Amino acid sequence: MYLEIEELKTHAYDEEISAIIREDETIAHACIDIAIEFSSSKLMKHYKVDEVFSQQGKSRNPLVLKIVKDIAIWELIGLSNPSIDYPDKKFRYEQAVDWLTAVYKGMPANLPRLEDNSNQASSFSYHSNPKRSNHF
């Protein structure tokens with residue numbers, strides 16, 4: 001798994017996470033899955049998301065890991081808000097979404113890129129009318 005529940009401790013206190021999920025880890029796993037899917041949808045335009053999210057441990061990209069945690073925590077606190085710094089989490093969530101949107105629009109990131117398939121046939125073609133010769 002790309003991200004474990006215990007790793008969310010860097011973004012919220014353990015007791016806050018426990019208060020929200022109430023010993024039902026499927027809630028936290030669902031939030032993590034949502035965060036990964038959201039991130040994948042933004043990164044798949046230019047990057048190999050299967051490769052990015054199959055990494056584990058220290059081989060994961062630290063920035064993408066932070067982004068996924070921010071989104072997962074935002075999804076998690078949507079269920080309940082026991083003493084979590086809501087404005088900070090909202091800011092971090094918006095920052096994560098902004099970064100993913102920028103990458104989607106073409107900002108480079110340190111991730112494995114998709115191969116360029118520019119040699120493939122295009123879905124449109126360029127052409128013009130035949131040249132006219134006017135005689136007076």
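What follows is a walk through this predicted model, from its overall build to a few of its residues. Because the model is predicted, local features need pLDDT of at least 70 and side-chain atom pairs count only at pLDDT 80 or more, while totals for chains, interfaces and linings use all residues. Residues are numbered from 1 along each chain as its sequence is written, and side-chain values use heavy atoms, with hydrogens and water left out.

Let us begin with the whole chain. Its secondary structure comes to five helices and zero strands, where helices (H or I, at least four residues) and strands (E, at least two) are DSSP runs numbered from the N terminus. Along the sequence the pattern reads α-α-α-α-α. The C-alpha atoms fill a box of roughly 90 × 30 × 20 Å along the principal axes. The radius of gyration is 22 Å, whereas a compact globule of 136 residues would have one near 14 Å; the radius is taken over C-alpha atoms, and the globule rule is 2.2 Å times the number of residues to the power 0.38. Of the 136 residues, 34% count as buried. Here buried means under 20% relative accessible area, exposed means over 50%, and partly exposed lies in between, with a 1.4 Å probe and protein chains only. Among contacts (heavy atoms within 4.5 Å) between residues at least 6 apart in sequence, 78% join residues at least 24 apart.

Now turn to helix α5, residues 86–104. Its end C-alpha atoms are 27 Å apart, in agreement with the 27 Å that its 19 residues should span at 1.5 Å a residue; the expected span is 1.5 Å times one less than the number of residues. Which residues of α5 are buried? They are Lys89, Tyr93, Ala96, Val97, Trp99, Leu100 and Val103. Seen down the helix axis, these buried residues fall within an arc of 155°, so they line one face of α5; the arc is that of the directions from the axis to the C-beta atoms. On the face turned away from the buried side you will find the exposed residues Pro87 and Asp98. The cover over the buried residues includes α2 and α4 (62–77). Just after α5, glycine 106 takes a positive phi of about 125°.

The structure holds two aromatic pairs. Rings of Phe, Tyr and Trp (its six-membered ring) pair if their centres lie within 6.5 Å; planes under 30 degrees apart count as stacked, over 60 as edge-to-face and the rest as tilted. Tyrosine 2 and phenylalanine 53 form an edge-to-face pair, 5.0 Å centre to centre with 70° between the planes. Because tyrosine 2 lies in the segment before α1 and phenylalanine 53 in the loop between α3 (49–52) and α4, this pair ties together parts that are 51 residues apart in sequence. Tyrosine 2 is buried at 4% relative accessibility, and phenylalanine 53 is buried at 12%.

The other pair brings us back to α5. Tryptophan 74 and tyrosine 93 are stacked, at 5.1 Å centre to centre and 20° between the planes. Tryptophan 74 lies in helix α4 and tyrosine 93 in helix α5, so the pair ties together parts that are 19 residues apart in sequence. Both tryptophan 74 and tyrosine 93 are buried.

Arginine 60 lies over the face of tyrosine 2, at 5.7 Å from the ring centre. Arginine 113 lies over the face of tyrosine 47, at 5.2 Å from the ring centre.

Serine 40, in helix α2, is worth a stop too. Is serine 40 buried or exposed? At 9% relative accessibility, serine 40 counts as buried. Beyond its neighbours within four places in sequence, serine 40 is in contact with Val49 and Phe53. Serine 40 and asparagine 110 are 70 residues apart in sequence and 15 Å apart in space, C-alpha to C-alpha.

Most residues other than glycine have a negative phi. Arginine 22, however, has a positive phi of about 50°, and glutamate 23, found in the loop between α1 and α2, has one of about 65°. Arginine 22 is exposed at 69% relative accessibility, and glutamate 23 is exposed at 80%.

Note on methods. Lys NZ or Arg CZ within 6 Å of the ring centre and 35° of its normal.
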